[in-house]
Amino acid sequence: MGTDLTYAQLVAALDWQIELGADEAICDAPIDRYGLEGPAPKADAWTKRDAPVPAGTHDNLAAVPAGTEPADLPDPVTEARQTAMAAPDLEALRAALSAYQHCELRKGARNLVFADGRPEARLMIIGEAPGAEEDRVGKPFVGRAGQLLDRMFAAIGMRRDAPDVQTAIYITNILPWRPPQNRDPKPEEVAMMRPFVERHVDLVDPDLLILMGNHACQALLGKRGITRLRGTWTEALGRPALPMFHPAYLLRNPVMKREAWSDLLDVHARLSG
Ligand code: URA
């Protein structure tokens, strides 16, 4: 870093690196890797060297019996399915996700965002992926969209921390790590995370699911087009599921809150009926 940068520029550069996911200073002085002799280090070299890797993953080849060819190892989706299915409870599922090495998003995220609310709740809400605020705090739906979500459910008497399971909600996302710059989830990321979402729903065992927005619908119904899908009960993972407008969409299109209100009344009626 040149000495001619001002204090404010240095702070801005540091903020930018933190935003990109840097959370540790490795050396006192920077290394110009482009100036080094020899082949450039692979982009994921640090992960292989420093990150703790659970036994049995592709990255931990020492744990694989000698003579095992990479083709014999399970692919990332199969491994996700095996590890998710083996989780006997939510804590184990969180630990399995945290140990799962194949999703690149984990490298750029500050926190694993697993869930919030009461696991005993009858209603489980599934969103898309954490944003910046969720990534920082480690909980789903805590930014502006999350605050709107809380107000929406409060309007029908439901809260994340309600003591009564009838009025409690439980919230998770399809992806547990923030995609860089909040870009859309990639199909291969969704494919890897879907087994964890399926197990999550099995373990929570809610009566009803809410699919918040297009990405949750795409992942669990194989369909998008939320304007057409919203408001009509369908089935996802063997349970009644209602697609709804995502609160981030409602922040941009407040006129659609009328439809969201009608959906909330429908949810309330189902839970009371
Ligand atoms: N949007 C989502 O879909 N999930 C979050 O956790 C936050 C915003």
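Mentor: Leu-93 sits in helix H4, residues 90-99. Helices here are DSSP runs of H or I with at least four residues, strands are E runs of at least two, and both are numbered from the N terminus. The model is predicted, so local features need pLDDT of at least 70 and side-chain atom pairs count only at pLDDT 80 or more, while totals for chains, interfaces and linings use all residues. Residues are numbered from 1 along each chain as its sequence is written, and side-chain values use heavy atoms, with hydrogens and water left out.

Leu-93 has 0% relative accessibility, so it counts as buried. The cut-offs are under 20% relative accessible area for buried, over 50% for exposed, and partly exposed in between, with a 1.4 Å probe and protein chains only. Contact means heavy atoms within 4.5 Å. Setting aside neighbours within four places in sequence, Leu-93 contacts Ala-84, Ala-87, Phe-114, Phe-196, Arg-199, His-200 and Leu-203.

Take Phe-196 from that list.

Next, the aromatic rings. Rings of Phe, Tyr and Trp (its six-membered ring) pair if their centres lie within 6.5 Å; planes under 30 degrees apart are stacked, over 60 edge-to-face, and the rest tilted. The whole structure holds two such pairs. One of them joins Tyr-100 and Phe-196, edge-to-face, at 5.3 Å centre to centre and 70° between the planes. Tyr-100 lies in the loop between H4 and helix H5 (105-108) and Phe-196 in helix H8, so this pair ties together parts 96 residues apart in sequence. Tyr-100 is buried too, with a relative accessible area of 2%.

Now widen the view to the core. A nonpolar core is a set of buried Ala, Val, Leu, Ile, Met, Phe, Trp, Tyr and Cys residues joined through side-chain atoms within 4.5 Å. The largest one has 64 residues, and Phe-196 is among those with the most contacts inside it, along with Leu-123, Phe-153, Ile-174 and Met-193. Helix H8, residues 187-204, gives the most to this core, with seven residues. In soluble globular proteins, nonpolar side chains tend to be buried together.

Leu-123 shows its own set of partners. Beyond four places in sequence, Leu-123 touches residues including Phe-153, Met-158, Ile-169, Tyr-170, Leu-208, Val-267 and Leu-271.
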